[in-house]
Amino acid sequence: MLPTGVKIDSITGAVAPSTGHYKKRLSEFRGVYRDAAAFDAALARSDPVTYEVIEFKADGSDIFFGTTTMYPGRVGDEYFMTRGHFHARRDRAEVYYTQSGEGLLLLESRDGETKTVEMKPGIAAYIPPDWAHRSINTGTEPLVFVWMTNIDAGHDYGAIVEKGMRSLVVERDGEPAVVANPGYAG
């Protein structure tokens, strides 16, 4: 392995050089948003990219990093968000460092404790091992953050797909609000 300088654009989320890139569209989130009728109505208008991830992984390294760029939008009163996940390796943490935009990081421990961390430029969020995490763009511009974790951390979406998260982030009177999830199946 050799040292490498990686350029990260704080506005677009571009990473150069990069070793991976994927996009998630609204259609991939059926069942994630609680208002199925609002989801169907939004999808009937278009199938936008809700977020994209660009990564850098050095051959042989035990860590990797990259950017997530989350686009603004809502389904009903819920903001665009990531699916949310635990790490497959329950002893792995992660760090998110917000570059531009604004949002909330919704976190939930396996025993049901819920926390949020504000995502604004200059804020680094520490995600402890064994805490589910979901990013939510609560602003009107793209939310761009840098993430870093162990390559072997993996993703465990099962519990979130099965039960949802205990809390939701919704718009109330033009502001984000954290509310209990009436559809939580815990």
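Reader: What is the relative accessibility of Glu171?

Author: Glu171 stands at 26% relative accessibility, so Glu171 counts as partly exposed. Buried means under 20% relative accessible area, exposed means over 50%, and partly exposed lies in between, with a 1.4 Å probe and protein chains only. The model is predicted: local features need pLDDT of at least 70, side-chain atom pairs count only at pLDDT 80 or more, and totals for chains, interfaces and linings use all residues. Residues are numbered from 1 along each chain as its sequence is written, and side-chain values use heavy atoms, with hydrogens and water left out.

Reader: With which residue does Glu171 form a salt bridge?

Author: Side chains of opposite charge can pair when their charged atoms come close. The cut-off is a side-chain nitrogen of Lys or Arg within 4 Å of a carboxyl oxygen of Asp or Glu. Glu171 forms its salt bridge with Arg74, and their closest N and O atoms are 2.8 Å apart. This pair links distant parts of the chain: Glu171 sits in strand E14 (residues 167–172), Arg74 in strand E6, 97 residues apart. Strands (E, at least two residues) and helices (H or I, at least four) are DSSP runs, numbered from the N terminus. Arg74 has a relative accessible area of 40%, so Arg74 is partly exposed.

Reader: How many salt bridges does the structure hold?

Author: The structure holds 17. One of them joins the side chains of Asp77 and Arg34, at 3.1 Å from N to O. Asp77 lies in the loop between strand E6 (74–75) and strand E7 (78–79), and Arg34 in the loop between E3 and H1, so the pair ties together parts that are 43 residues apart in sequence. Arg34 is partly exposed at 36% relative accessibility. A network of salt bridges links Arg34, Asp77, Glu78 and Arg172.

Reader: Which side chain meets Arg110 in a salt bridge?

Author: Asp156 does, at 3.7 Å from N to O. Arg110 is in the loop between E9 and E10; Asp156 is in the loop between E13 and helix H2 (158–163), and 46 residues separate the two. Arg110 is partly exposed at 31%, and Asp156 is partly exposed at 25%.

Reader: Now the sheet. In what order do the six strands of the open sheet run?

Author: The order is E3-E4-E5-E13-E8-E11, with antiparallel pairing. Two strands pair if DSSP finds at least two bridges between them. Strand E3 (20–25) and strand E11 (124–127) are the edges, each pairing on one side only. Neighbouring strands are turned by 20 degrees against each other on average, direction ignored; the axes are lines fitted to C-alpha atoms, and angles run from 0 to 180 degrees between N-to-C directions. Within the sheet, six bridges join E8 (residues 94–100) to E13 (residues 143–150). One partner pair there is Tyr97 and Val146.

Reader: How many residues of strand E9 are buried?

Author: Seven of its seven, across residues 103–109. In a regular strand the side chains alternate between the two faces of the sheet. In E9, Gly103, Leu105, Leu107 and Ser109 point one way, and Leu104, Leu106 and Glu108 the other.

Reader: Which strand do seven bridges join to E9?

Author: Strand E12 (residues 131–137), running antiparallel. There, His133 stands opposite Leu107. Six bridges also join E9 to E10 (residues 114–119), again antiparallel, with Glu108 opposite Thr114. The hairpin of E9 and E10 has four residues between the strands, and Gly112 takes a positive phi near 100 degrees.

Reader: How many aromatic pairs are there?

Author: A pair of aromatic rings is described by the distance of the centres and the angle of the planes. Rings of Phe, Tyr and Trp (its six-membered ring) pair if their centres lie within 6.5 Å; planes under 30 degrees apart count as stacked, over 60 as edge-to-face, the rest as tilted. By this rule there are six pairs. Phe29 and Tyr51 are edge-to-face, 6.1 Å centre to centre with 65 degrees between the planes. Phe29 is in the loop between E3 and helix H1 (36–45), Tyr51 in strand E4 (residues 49–56), 22 residues apart. Phe29 is buried at 1%, and Tyr51 is buried at 7%. Phe56 and Phe65 are tilted, at 5.5 Å and 45 degrees; both are buried. Ring pairs link Phe29, Tyr33, Phe39 and Tyr51 into a cluster.
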